Amino acid sequence: MAVYNINLEIHTFQIREKRQKETFLSLDNFFEREDILKFFEEFANQHSNLSISEKQQKSLQFTNIKRYTSQSRIISGIVDSGDYGVESRIADQKGILKYTKGSDELDIKPFYYLIWVPSNANIGIIMTQRLGPFGIHGIFTQRFQAFFKNKFPELMVDLAPYLSKGLAKKFIETGGIRQIILRRYSLPSDISDQFGLNFEHTKIKSVELRIVAENNTFFPINDRAKKFLSDENARLFTMEELNSIGFDGNHHELITVKMGRNTRTIDLSATGQIKPFFDIDSDVVKGSDGHPTFDSIDETSRGLLTDIIDEISSRK
């Protein structure tokens, strides 16, 4: 069985009138006392049957697994989602062909979601699970926004990745650095030619250098990483050899940090912010099917939400 890390993709959402780009409405009292939490329940009920996005070649279906905590105004649950569009052969571990999946057939997997809508506030949180390269954020939010637009054509739902500088500072100062990642998107032709790939340089998506410490060991560069919290031009490395292959400052520098049982990836190039992918693989219990049990991923996600709520409150 393939081992896919479990991550949470976290975004904030707000509601505004189309012409008001800076003024956001209260989530529990907008457009004649509408509550977005009640609207989300309506959205989920409308998608209790399988729906297909032909553009994304993906499906979405809300299951009966759902938990609603009225006091904290949180809804969490499981949706089924699958991809289609490519034929593939299914074989056992001995290589014996068992089945050929057609290009019009869905490979459906369960995914966790959570939505938090605080009272008397204009910003909420949406969490969606990723399973390795597979995720539901795109189809989940696209369907949610389209459903919202159909009911409230004069309003918009704005979504933004949740970037946490406060959590990043805490991890950098007290955590152990497990990985160093240098990543550049696109390369100039003179540098790409050095690799001798005989490939059009404009079609190179990214180049990445990853340095990984052995298990239970950490890179002692926390002090160097802390410089990024106050200096957006700081760099971990200034080696001529790296400059010559494109890591000349026009790249991203990221670190993967472990603190306790939690692991976070911090984009130092964004002045030390945690990207909206939260690695919770070691925090959840997986069933025999390889997927996290609902109770374990729900407990972990709600615990992470508590940290996020504290940080959002401190910003006010």
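Modeller: First, a word on names: helices (H or I, at least four residues) and strands (E, at least two) are DSSP runs, numbered from the N terminus. The model is predicted, so local features need pLDDT of at least 70 and side-chain atom pairs 80 or more, while totals for chains, interfaces and linings use all residues. Residues count from 1 along each chain as its sequence is written, and side-chain values use heavy atoms, without hydrogens or water.

Biologist: How much space lies in the largest pocket?

Modeller: About 830 Å³. A pocket is an open set of points on a 1 Å grid over the protein atoms alone, where a 1.4 Å probe fits, with protein on both sides within 12 Å along at least five of seven lines. The volume is the space filled by probe spheres set on the points, which are joined across faces, edges and corners.

Biologist: Which residues lie nearest its centre?

Modeller: Asn 7, Arg 210, Thr 256, Thr 265 and Asp 279, out of 25 lining residues (an atom within 4 Å of a point).

Biologist: And which strand gives the largest share of that lining?

Modeller: Strand 11, with five residues. Strands 11 (176-185), 12 (206-212), 13 (252-259), 14 (262-267) and 15 (273-279) each supply at least two.

Biologist: New topic: what does Phe 39 of helix 1 belong to?

Modeller: A contact (heavy atoms within 4.5 Å) with helix 2, where residues including Phe 39, Phe 40 and Phe 43 of helix 1 meet a set including Phe 140, Phe 144 and Phe 147.
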